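Thanks for coming. I will go through one structure today, starting with its contacts and ending with a single residue.

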Amino acid sequence: MRIGQRLAMLVLLAMVPLTILEVVGVRAERREEQEEVAAIAYRTVHRAAAEQARIVDGARQLLTALAQIPAVQGGETARCSLILSRLQKQIDIYMAIGVANPAGRIWCSSTRPGTDISDRPYFKRALAERRFSTGGYVVGRVFHRPSLNFSFPVKDSKGRVLGVLVAGLDLNKLAKDLRRAALPPATRLAIIGPDRKLLVALPDNAGVGTTLPRQFDAAFKSRAPGVTEMPWFDGSERIVAYVPPGSYSDLPFMVLAGSSKDAALADVEERTGLRLLVLLATIGIALVLTSWFSAKFVRKPMAHLMATARAWQRGESSARVGRIGDGGEFEALASVYDELAEGYDERHRRLLDALESTNDSVMTVAPDWTVTFMNKRARARVGDLTGGAVGRSVWELFPELADHPVGDEGRTAMLERRPLSLHFNYPRLDGHFEVSGLPVEDGSMMFFIRDVTEQQRAQEELRKLALSDSLTALPNRAHAMSLARQMLEEQRLAALLLIDLDDFKYVNDSFGHQVGDALLQRVAARLAACLPPDAIIARLGGDEFMGLIAREDDRAAHRGNELLRALACEPFQLGKRSLRAAASCGVMMVPEGTTPHVEELFANADLALYRAKAAGGSVVHVYTPADREDYEARRVLEEEVERAALEGEFELLFQPQIRLNDGAVVGAEALLRWRHPQRGLLTPEAFIGVLAESRQAAAVGDWVLDEACRQAARWWNAGHHIRVAVNLFPEQVRSNGLAATVHRTLKRHGLPPRALEIELTEAVALAGDAGTKANLLALRMLGVWLALDDFGTGFASLTTLKDIRVDRLKIDRSFVAHLPGNDLDLAIVDAVLALARTLGLEVIAEGVETEGQEACLRSRGCHEAQGYRYARPISGEAVEHFLSGRACGAVAAAG
């Protein structure tokens, strides 16, 4: 579309709002005119209705007054007729006034008596309803003119009807009076009687006496006045205002006023036509002026601008617009255009300078892959090989790339006009290159080629560092896991081995980390040398290694044992030191045809390694599903123990301890039980090991101590001064503040220290750390008894008894069970009793169940015993009943 056409379109668009406003104004004027016509009709009909209401009300008052005249009441015909005659002459709107007897015969009249009106509806209604009534349209029997009759019953003093007063309204006279009221122009008026007959029709009184047309039914039945558009009696469309019967002061008539819509809008239509002519003339003049203006001030300067732009398009970069016009917008546009051209030239020069000075090689190629530009660096690099490149095909310069994926990528980018980014190695130029290509507007592409050979080498070094262990140069954990996944995907992995050095911490602690690192390097080398080339050995961290055995290895199942033998066969020479290394190995065999997750294999191998360590180390353990089942069972037990501790499912039972020489009760051992929701009451063998290693060990141990002291306090308060023996968890014995906790517990329950005995296991005694010794010393100073439990079953030594002073030794039930018939058990018991006598210690035997066992122990000098011979483990309340009637030995102070 040319600029002149656009300006004309702009003018037309500018006239659109004016046209819209004009249309809106005309519509508003038409609407206002219609509203005014409706208002005129509404006022007219209400004036007419008020007038008719006045006439009806006057008739009612007139007949009411006449009904009280004595002449009417007394039936005086002559006098009554004279009165009515004079009255009719004064009120000439009435055609006749008369009085009819109950039979309907006029006996008194302003005109001529004797007329029979017994068949007239208004007469019948007055008699029936005994009130003022209005009749319909009738033609009088005396004057034969249209009339409307009002009737009123005449009653005596007792309310009996004597007759009916009748007044006939002259409808012609009524129409004449209404015509004098000067209706508005083009307005018609109609009055409808109660019988739907047309009483008055102005201005020509046409159709009087006819029935109301059906289009007025809704208005006639309406309860309120209104305005609507509908056809008039003659079929012409009018704005009709109406007052229905009964809606205006009990008016029995319907009053209609109809104004002609066409006549009312004639002036509006005339004014509208004149406005449209003025609007069209304005648009025409505006278009003519626009055409002249565009030719002189727009199209001529624009043509000059276009010519300069086309010259630029042809490559004439020196083309400029210069001065055009008289300094207006086109002059400014020309100035801006010339400035842009100068700026483009300057940027082009700077771009060339930048391309020439960059360290990258820059090359531009046409769509047919002809080289159109090369910067100095590219010319220096490529020109040495080709003897000049500009104007030649890229595929001629670099034939090796024509059928190379690099060439395919380049052709696709050129065809699709999209950026290109790729890396490739080009032996001809002895380097690795990074190429970025950008499409240019003229259809060519510009390539930036960067030599990244050094960066590539550096990345390779970094990659090696990221995938290798810096100490041993073996693959690290991440790389090993990746290699394992790859071998699994290729169905090549036969076994995953985890090797962990035994007691490696000893090397670091004894000789320093430098020697430890050197040992790890030698271990890594020996492990790698023991495996075939298709196997992989990796260092996971610390002293842990992982082996990946390929399925092609027919000795895959034996590689774990071979690795351990290789490590142990001869010592490692580290300078002047000769160190031996032993290890444990967990093996996870990969079933053929399966592709499990490497994390699952690793977890299973780690579980096998744990089992190997638990077996004492220096062994190979091959994973079986039973290992996982045992692990899961322990994990479930750990969770249940945790829950039991938090929900208070543990209970304390007590087993009395008897002095053998007199049978007196001297103590009771507190025994922990677990009231399991499903499994019932569990003994410590089912859970104590897990509980001792759980987070709740200290909390449960403190509860056991507190509950045992609480029960002991009840026994003491009842006069049974016996001791209570409590087993502590290792964590409690090692913790700071053990003596303070025991002291607070005893004080809280009002017990003396001699009422409490702490039992130690051999594992706790063998720990021998400074914290444990300090805690046990503090307990002895507090006055609490100390007993060494299960003596002789573990690794306890005489040195232990020397370092940790205890008051009592407990002979384990395993040495008591076969007494007195087992000579070996008798020898052990005698040895323990002799040792106790030498050290001045008390001795108590566990698990005594028979009289023979009791007699044997008593005869050999054992002081005390406990077991089923005396009582099973019972509740604290049951202990009180057990003590009743039995002697209790006095508890001496702890020695």
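Take the contacts in the protein chain with a separation of 6 or more: 58% of them join residues 24 or more positions apart. Contact here means heavy atoms within 4.5 Å.

Before I go on, this is a predicted model, where local features need pLDDT of at least 70 and side-chain atom pairs count only at pLDDT 80 or more, while totals for chains, interfaces and linings use all residues. Residues are numbered from 1 along each chain as its sequence is written, and side-chain values use heavy atoms, with hydrogens and water left out.

Now the overall form. The C-alpha atoms of the protein chain fill a box of roughly 170 × 120 × 50 Å along the principal axes. The radius of gyration, taken over C-alpha atoms, is 64 Å.

How much of the protein chain is buried? The share is 45% of the 895 residues. Buried means under 20% relative accessible area, exposed over 50%, and partly exposed in between, using a 1.4 Å probe and protein chains only.

Arg-47 sits in helix α1, residues 3–66; a helix is a DSSP run of H or I with at least four residues, numbered from the N terminus. Arg-47 counts as exposed because its relative accessible area is 52%. From Arg-47 to Ala-167 there are 120 residues in sequence and 24 Å in space, C-alpha to C-alpha.

Conventions: Rg over C-alpha atoms; globule rule 2.2 N^0.38 Å. Helix = DSSP H or I, 4+ residues; strand = E, 2+ residues; numbered from the N terminus.
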